[in-house]
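Let us take a friendly walk through a protein model together. Please have a look at the sequence and the structure first, and then read on.

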Amino acid sequence: MRILLVEDARALARSIAQGLAEEGFSVDVAGDGEEGLHFATEVAYDAIVLDRMLPLLDGLSVLRRLREHGVGTPVLLLTALGELQDRVEGLDGGADDYLVKPFAFLELAARLRALLRRPASRVDAIALGALEIDPLRRHVRRGDVVLNLTPKEFDLLLCLASRPGDV
């Protein structure tokens, strides 16, 4: 399994990369957000471990751009930002998991294995007449009009649209 680690703290990045290699992963390391975005869009990774506070381009911006480019690779945000709002922003921003520093390496490895066990998410747009739902970007359009939905409204619409005919 090939992992991209985007972490600007060099000592931590070396430690994580070594531990993941010992767990059997092949690891590429990027030291800033722009480099991480470049790697993630050029190479097919099985998962990405992404710090939120990065130089040049922050982790949430990297994540948003990845999702906008259709990259559906599972992303685990690894960050010192551990408040509830930070975690919610990260998960709503497209992350598949969120782990707060300091962390136990065994937990990081277990979370990565869990992400890799999950079946690939459906990323195709759903069309219902003039309504188009993009699950990856979390956008909804009706014709040329973009509909601004709350996260809950979007999730409900996606749930209903994904199960046509079900009550």
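Leu 99 sits in strand 5; strands here are DSSP runs of E with at least two residues, helices are runs of H or I with at least four, and both are numbered from the N terminus. This is a predicted model, in which local features need pLDDT of at least 70 and side-chain atom pairs count only at pLDDT 80 or more, while totals for chains, interfaces and linings use all residues. Residues are numbered from 1 along each chain as its sequence is written, and side-chain values use heavy atoms, with hydrogens and water left out.

Is Leu 99 buried or exposed? With a relative accessibility of 4%, Leu 99 counts as buried, because buried means under 20% relative accessible area, exposed means over 50%, and partly exposed lies in between (1.4 Å probe, protein chains only). Leaving aside neighbours within four places in sequence, Leu 99 is in contact with Leu 76, Leu 77, Leu 78, Thr 79, Glu 107, Leu 108 and Arg 111. Contact here means heavy atoms within 4.5 Å. Leu 99 and Ala 9 are 90 residues apart in sequence, and their C-alpha atoms are 16 Å apart in space.

The arc is that of the directions from the helix axis to the C-beta atoms.

Helix 1 can be read in the same way. Its buried residues include Ala 13, Ile 16, Ala 17, Gly 19 and Leu 20. They cover an arc of only 165 degrees around the axis, which puts them on the same side of helix 1. The face turned away from that buried side carries the exposed residues Arg 10, Ala 11, Arg 14, Gln 18 and Glu 22. Among the elements covering the buried residues of helix 1 are strand 1, strand 2 (26–30), strand 4 and helix 5. After helix 1 comes Gly 24, with a positive phi near 100 degrees.

How far should the 13 residues of helix 1 span? At 1.5 Å a residue the answer is 18 Å, and the end C-alpha atoms of helix 1 are 18 Å apart, which agrees. The expected span is 1.5 Å times one less than the number of residues.

## Charged pairs

Side chains of opposite charge can pair when their charged atoms come close. The structure holds 9 salt bridges, each being a side-chain nitrogen of Lys or Arg within 4 Å of a carboxyl oxygen of Asp or Glu. Here are some of them.

| Pair | N to O distance |
|---|---|
| Glu 7 and Lys 101 | 2.9 Å |
| Asp 97 and Arg 111 | 2.7 Å |
| Glu 132 and Arg 141 | 3.2 Å |

Both Glu 7 and Lys 101 are buried. Together with Asp 51, Glu 7 and Lys 101 are linked in a network of salt bridges. In the second pair, Asp 97 is buried, with a relative accessible area of 13%, whereas Arg 111 counts as partly exposed at 25%. In the third, Arg 141 is partly exposed at 34%, and Glu 132 is partly exposed at 33%.

## Backbone details

Most residues other than glycine have a negative phi, and most peptide bonds are trans. The peptide bond from Lys 101 to Pro 102 is cis, with omega near -5 degrees. Pro 102 lies in the loop between strand 5 and helix 5. Leu 56 is a residue other than glycine with a positive phi, near 70 degrees. Leu 56 is found in the loop between strand 3 and helix 3 (59–68), and Leu 56 is exposed, with a relative accessible area of 61%.
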